[in-house]
Amino acid sequence: MSTLEHVRAFAPPVEDGARPRNLVGLSRAELAEAVAAMGEPAFRARQLWHWIYHRGATDFAAMTSLSKTFRARLAERFTIRRPAVATAQASVDGTRKWLLRLGDAQEIETVHIPDDDRGTLCVSSQVGCTLTCRFCHTGTQRLVRNLSAAEIVAQVMLARDELGDWGARADERQVTNLVLMGMGEPLYNYDNVAKALRILMHPEGLSFSKRKITLSTSGVVPMMARCGAELGVNLAVSLHAVSDELRDVLVPINRKYPLRELMAACRAYPGVHNARRITFEYVMLKGVNDSPADARALVRLLEGIPAKVNLIPFNPWPGAPYECASAMAIERFARILNEAHLAAPVRAPRGRDIMAACGQLRSASRRLKKSERDRLTAPA
Ligand code: SAH
Ligand code: SF4
């Protein structure tokens with residue numbers, strides 16, 4: 001299926017169908033249009049944007065810089081909705097996971113990982129994933145659809161609600177970095193992801209710097225250049241294998257976009273030569289891709305690319321067909337990369353006890369009844 005066909009087949013429900021209309025997820029220009037349509041001056045849109053994305057207001061009544069009549073008119077027409085939290089879990093290591101229920105009862109997961117110097121929010125871009133990487137639990141979920149821009153942005157807003165981040169000083173915030181490494185393949189949902197990231201980066205709102213955002217792809221080669229040129233965010237590539245033969249099995253999209261094309265797209269990634277390294281993710285699988293010969297081949301493959309390698313200990317899930325490489329094998333692998341002057345941190349598994357670790361996310365969404373689907377996608 002082409003990227004375009006994918007976009008059509010897995011479109012999110014039309015949000016416009018819902019009344020009152022949700023303002024979360026509108027671009028700055030769309031918000032300006034909505035305000036203009038109410039006969040209000042343009043600066044009201046800026047004020048509203050500030051309340052929604054800078055202050056985190058969820059209620060028009062709290063927007064005290066707006067006139068009472070305007071607030072009342074807004075409340076008649078619009079809401080500032082977040083998805084419902086179906087379950088919230090906290091790991092012994094401080095990682096938190098929220099299972100969010102969307103308007104059509106589909107569910108997605110968002111994970112917060114606190115560290116000493118940062119707090120990273122792992123955001124989902126799809127319900128499930130159409131790709132079927134053999135080691136990934138998300139890839140075994142049958143039901144898939146793209147998330148809307150609103151649903152992507154709302155994950156960040158909800159995390160800020162839950163962690164008390166609105167109004168916190170920049171150096172006290174819990175969510176400082178965003179990674180699109182949750183459920184789904186972000187470059188198979190490019191338009192909604194791009195719209196969401198523009199909202200998240202807007203300087204008068206949430207104002208995340210592109211340097212604090214990392215998009216992870218399994219290697220959707222035709223979309224990589226656009227992502228770099230239009231969004232300028234950091235890129236992570238899920239590599240996991242150094243030969244096409246093995247990568248065809250582990251990351252099946254490799255059959256469509258083999259290593260030669262993938263590495264060429266990495267070399268051409270906009271901004272990559274301005275000290276912006278690409279992160280290559282490499283999941284360590286016992287007896288599969290963890291030998292010294294694999295490490296040496298990886299060094300050769302990455303030659304000439306400003307790169308760092310994230311070695312991810314495989315996170316097991318029930319019924320997974322692989323085992324995690326031994327600590328010794330991981331250490332040996334890292335040493336070979338380090339000797340070739342490649343940074344190769346071993347990612348500490350976080351949130352394993354609540355199934356929140358890399359590749360473990362998988363909701364138990366139910367299939368929608370046709371009547372529910374029709375209701376949600378009905379035009380306004
Ligand atoms: N679809 C995108 C982003 C989501 S996956 C992608 O594949 O890049 C985020 C990362 O988790 C990817 O590097 C993925 O390969 C890795 N991953 C998936 N399953 C895993 C598992 N069971 N253990 C460790 N990492 C896993
Ligand atoms: Fe999809 Fe990424 Fe999981 Fe592969 S690793 S199935 S691309 S979410």
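## Basis of the description

Because the model is predicted, local features need pLDDT of at least 70 and side-chain atom pairs count only at pLDDT 80 or more, while totals for chains, interfaces and linings use all residues. Residues are numbered from 1 along each chain as its sequence is written, and side-chain values use heavy atoms, with hydrogens and water left out.

## Ligand 1 and its shell

Ligand 1 is surrounded by 21 residues, the closest being Phe 135, Ser 216, Ser 238, His 240 and Asn 315 (a residue counts if one of its heavy atoms lies within 4 Å). By class, this shell holds 10 nonpolar, 9 polar and 2 charged residues.

Among the polar contacts (pairs of N or O atoms within 3.5 Å), a backbone N or O atom of Phe 135 lies 2.9 Å from a nitrogen atom of ligand 1. Oxygen atoms of the ligand are approached by polar side-chain atoms of His 240, at 2.6 Å, and of Glu 281, at 3.0 Å. Taken alone, ligand 1 exposes 530 Å², of which the protein buries 96% (Shrake-Rupley method, 1.4 Å probe). Two or more residues of the shell come from each of β10, β12 (278-284) and β13 (strands are DSSP runs of E, at least two residues).

## The largest pocket

The largest pocket has a volume of about 1000 Å³ (a pocket is an open set of points on a 1 Å grid, for a 1.4 Å probe, with protein on both sides within 12 Å along at least five of seven lines; lining residues have an atom within 4 Å of a point). Of its 37 lining residues, Arg 118, Val 179, Lys 308, Asn 310 and Arg 347 are the closest to the centre.

The lining divides into 18 nonpolar, 9 polar and 10 charged residues, and its largest share, 4 residues, comes from β13.

How values were computed: Chains are lettered from A and ligands numbered from 1 in the order in which they are written. Grid points are joined across faces, edges and corners, and a volume is the space filled by probe spheres set on the points. Ala, Val, Leu, Ile, Met, Phe, Trp, Tyr, Cys and Pro count as nonpolar, Asp, Glu, Lys and Arg as charged, and the others, Gly among them, as polar. A polar contact is a pair of N or O atoms within 3.5 Å; within protein, one must be able to donate a hydrogen and the other to accept it, and residues adjacent in sequence count only if both atoms are side-chain atoms.
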